[in-house]
Amino acid sequence: MLRKLTGALVVAVGLISLHAPTASATPDVEVAAVRTLTYNASGAAEFKAAVDQGAQIWNSSVVNVRLVSTTSSSANIRIIADDGWPRAQTTSLGNGRVWMGRQATDQGYNAIRIASHELGHILGQPDRKPGPCTSLMSGSSAGVSCTNPYPNAREKSEVEAAFSTARIGATADWAREFVD
């Protein structure tokens, strides 16, 4: 009986190993590496919490780029508050500066939407004006009553595509300024 059981076990193990996938098998889907971008919001004054929320919105909306807060002077993104209109200046994909302008919040625009919108520029998104409130990148053209801080499906998809194919900081044509 023990001999029959042992023999059956050997045959079963042999059959399983014939059908088990090998470690060298090529996966069907290539997964892009997650790009980590750091942002320094130490100069964002009263907008720091809004900037952190805007970063978390992008983190929950896309999978191949992560925005991480730091106090390092070598952060990819530097965020400061000023009395002007909100704007972003990109130096390359994933790198640049954001101004959280008080002029817009003084007029009633939502600070979290502004932060998320401006970070969208750093992630490669252009302004889409005029546009509906459902488009984060419509910016101020959606009106003061619009408080939607979330990117729509198109905006998410474009960020995913940009960060799956481009090297951060590699392309000079990302250098532009967006005044919202």
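**Close-up views**

**View A. On the face of helix H5 that is turned away from its buried side lie the exposed residues Ala-153, Arg-154 and Thr-165.** This is a predicted model, in which local features need a pLDDT of at least 70 and side-chain atom pairs count only at pLDDT 80 or more, whereas totals for chains, interfaces and linings use all residues. Residues are numbered from 1 along each chain as its sequence is written, and side-chain values use heavy atoms, with hydrogens and water left out. Helices (H or I, at least four residues) and strands (E, at least two) are DSSP runs numbered from the N terminus; a residue is buried under 20% relative accessible area, exposed over 50% and partly exposed in between (1.4 Å probe, protein chains only). The buried residues of H5 are Glu-155, Val-159, Glu-160, Ala-162 and Phe-163. They cover an arc of only 165° around the axis, which puts them on the same side of H5, the arc being that of the directions from the helix axis to the C-beta atoms.

**View B. The buried residues of H5 pack against strand E1 (35-43), helix H2 (48-61) and strand E2 (65-69).** Contact here means heavy atoms within 4.5 Å. H5 itself, residues 153-165, has 13 residues and spans 19 Å from its first C-alpha to its last, close to the 18 Å expected at 1.5 Å a residue, where the expected span is 1.5 Å times one less than the number of residues. At the start of H5, the backbone nitrogen of Arg-154 has a side-chain oxygen of Asn-152 within 3.1 Å.

View C. Two strands pair if DSSP finds at least two bridges between them. Two residues separate E4 from E5 in their hairpin, and Gly-94 in the turn has a positive phi of about 90°. Six of the seven residues of E5 are buried, so E5 is largely enclosed by the rest of the structure.

**View D. Met-100, in strand E5, is buried at 1% relative accessibility.** Not counting residues up to four places away in sequence, Met-100 touches Phe-47, Val-51, Ile-79, Ile-80, Ala-81, Asp-82, Ala-111, Ile-114 and Ala-115. Its C-alpha is separated by 4.9 Å from that of Pro-86, 14 residues apart along the chain.

**View E. Leu-67, Ile-77 and Ile-79 touch the most other members of the largest nonpolar core, which has 33 residues.** Such a core is a set of buried Ala, Val, Leu, Ile, Met, Phe, Trp, Tyr and Cys residues joined through side-chain atoms within 4.5 Å. Leaving aside neighbours within four places in sequence, the contacts of Ile-77 include Leu-37, Leu-67, Val-98, Leu-119 and Ile-122.

**View F. Ser-116, in helix H4, is buried at 0% relative accessibility.** Not counting residues up to four places away in sequence, Ser-116 touches Gly-54, Ile-57, Trp-58, Leu-136 and Pro-149. In the loop between H4 and H5 is Gln-125, which is buried with a relative accessible area of 2%.

Conventions: A polar contact is a pair of N or O atoms within 3.5 Å; within protein, one must be able to donate a hydrogen and the other to accept it, and residues adjacent in sequence count only if both atoms are side-chain atoms.
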